[in-house]
Amino acid sequence: MVEKTTQQRAEDDRADAASLRQALGEMRREAEQEVARINQQLRERPATEGGAASAADRLALQQELDTLQRTLGTKERALDSITAECRRLEDALEDQHLAFDGLRKEVERRDISLKVAQEEVDRLRQTLLDLQSQAPVYPPAPFPPALLHESSASSRRRRRPLRFTIWSLVGVLTLMVMAVVFWSHIEGPTGLALPPVAGEPAPAPDAASGESATPVPTGAPAPQVLPPVQRDRLRSGALGPALSALPAGGFRMGHNLTTVSDFGPARDVEIAPFFIGAYEVTFEDYDRFARATGRPLPKDFGWGRGRQPVVGVSWDDARAYATWLSRDTGLAYRLPSEAEWEYAARAGGRGSYWWGFGLEPNRAVCFDCGSTWDNRSPAPVGSFGPSTFGLYDMAGNVMEWVADCYEPGYRDAPQDGSARIDGACTSRVARGGAFNKPSSSMRAYVRARFAPETRLDMLGFRIARDR
């Protein structure tokens, strides 16, 4: 009941926010139209002034010009005030999303804890009943008639304390289990293993040892089933990057704000099935291509190569790598489109990140994510658990080139998931945030742009392939 009330309240808040966003947007459009109208009048006045026949006409025109300029200043200040209020409301709405997401997860954890406690109590009760039923039963020895009455009375006296003792023990054990559950919420886990919250990914296997980073508790649900991963064989016999097969689907791309932004308006996009790299392309992968084609090796900036994500590569370098893979395997490799990248990053969710709205420990590397790599260097690929799409590091670590030309906003952008390649294309889009960027920059809908020849220590890429 509480969960339904909370969900209803959240839906009401979203409806109110949408209504307020629409009203403020209308006010902003009216203010912009008024400013444009006044500017047009200001441009037209000099021509009229030149044709004035007398000094009185010129004075009247000058006074009207001063009035229009004051009105323009007032309108511009009102527009700035509306814009500031819109930004404040957007921040407040994001805070409400964070609070609701945290409350939902806490309710789910408490529900799971209560279920585990109830199961433990039932198990203990059954164990006691089994022990009681397995106690040896001996045939009664014959009693002398004189002792029969005394024996019956003594037997009754013995059975009462035994029954009382068993049920007292059940009650004590129940209280102990409930106490452990209570203190686990106040001081953290105290030995009672709880299963992960439904919808959260299972612990990721360690890249070196193949073991889980966090042991799965006894009695926990089975780990999530991730999409199949495959690697295509190159001519040299080596294996190409690991690919995760993503299904076709529709999703809501972008994010609506009352202020002007380059990741709106949000729109529905349909994605065809495709493969995308389970990991960011590593130095190991890229160096094999560079040696095979005689290209210079990119700098590793002192962080090492191997399983580190490749950085310091331009958009043209990333595209050349995809072209080489296509030629070497006979399959259609490419950079993912921006729509495909966001579809993969959201992993079927609607939050700011694939796991929800707020930051969580051991999820990503960014400036303020709380990891040991924050603002120092990228982490080796796969250092954190996968998303529900079986993809690693879709938030943070390094930014990733995508195929699209940059255009501000999504007006007239394709809705079939293909890349946008119209316009002058002086800039290309990059996605996903980086180890030295704030967490807000790695939200699934946030965009960045760079000149195609840009090479930075926080800019890499991920590969895609047609199915």
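# Notebook: cavities, cores and rings

**Entry 1, Glu-342.** I began with Glu-342 and listed its contacts, skipping residues up to four places away in sequence: it touches Phe-251, Arg-252, Met-253, Gly-254, Tyr-410, Arg-431, Ala-444 and Tyr-445. A reminder to myself: this is a predicted model. I placed Glu-342 in helix 6. Is Glu-342 buried or exposed? Its relative accessible area is 0%, and buried means under 20%, so Glu-342 counts as buried.

How many cavities of 30 Å³ or more does the whole structure hold? The search gave me 3. I noted a volume of about 90 Å³ for the largest cavity. I counted 13 residues in the lining of the largest cavity, and those nearest its centre are Arg-267, Glu-338, Asp-404, Ala-413 and Arg-420. Which elements each supply at least two residues of this lining? I found helix 6 (338-346) and strand 7 (399-405). I then sorted the lining of the largest cavity by type: 6 residues are nonpolar, 1 is polar and 6 are charged.

I turned to the largest nonpolar core, which has 36 residues. The members that touch the most others are Tyr-286, Tyr-321, Met-399, Phe-450, Phe-461 and Ile-463. I traced this core back to the elements that each supply at least two of its residues: strand 2 (243-246), helix 4 (283-293), helix 5 (315-329), strand 7, strand 9 (447-450) and strand 10 (459-461). Which of them gives the largest share of this core? Helix 5 does, with 6 residues. Apart from this core I found another, of 33 residues, and its members include Ile-276, Cys-366, Ala-413 and Ala-444. Two of those names were already in my notes: Ala-413 lies among the residues nearest the centre of the largest cavity, and Ala-444 is one of the contacts of Glu-342.

I looked up Phe-461 on its own. Leaving out residues up to four places away in sequence, I found that Phe-461 touches Glu-280, Val-281, Tyr-286, Val-310, Val-313, Ala-318, Tyr-321, Leu-335, Met-399, Glu-400 and Trp-401.

How many aromatic pairs are in the whole structure? I got 17. One of them joins Tyr-321 and Phe-461 edge-to-face, at 5.7 Å centre to centre and with 70 degrees between the planes. This pair links distant parts of the chain, as Tyr-321 is in helix 5 and Phe-461 in strand 10, 140 residues apart. I checked both partners, and Tyr-321 and Phe-461 are buried. I then looked at Tyr-353 and Trp-355, a stacked pair with 5.0 Å between centres and 10 degrees between the planes. Tyr-353 is buried, with a relative accessible area of 4%, and Trp-355 counts as buried at 8%. I also noted one aromatic cluster, formed by Tyr-286, Phe-289, Tyr-321, Trp-324 and Phe-461.

I finished with helix 4. Which of its residues are buried? My list reads Phe-283, Asp-285, Tyr-286, Asp-287, Phe-289 and Ala-290. The buried residues of helix 4 pack against helix 5 and strand 10. Just after helix 4, I saw that Gly-294 takes a positive phi of about 75 degrees.

How values were computed
Residues numbered from 1 in each chain as written. Predicted model: local features only at pLDDT ≥ 70, side-chain atom pairs only at ≥ 80, totals over all residues. Heavy atoms only, no water. 1 Å grid on protein atoms, 1.4 Å probe; cavity = no way out; pocket = protein on both sides within 12 Å on 5 of 7 lines; lining within 4 Å. Points joined across faces, edges and corners; volume = space filled by probe spheres on them. Helix = DSSP H or I, 4+ residues; strand = E, 2+ residues; numbered from the N terminus. Nonpolar A, V, L, I, M, F, W, Y, C, P; charged D, E, K, R; others polar. Core = buried A, V, L, I, M, F, W, Y, C linked by side-chain atoms within 4.5 Å. Buried < 20%, exposed > 50% of the residue type's maximum accessible area, 1.4 Å probe, protein only. Contact = heavy atoms within 4.5 Å. Phe/Tyr/Trp six-rings, centres within 6.5 Å; stacked < 30°, edge-to-face > 60°.
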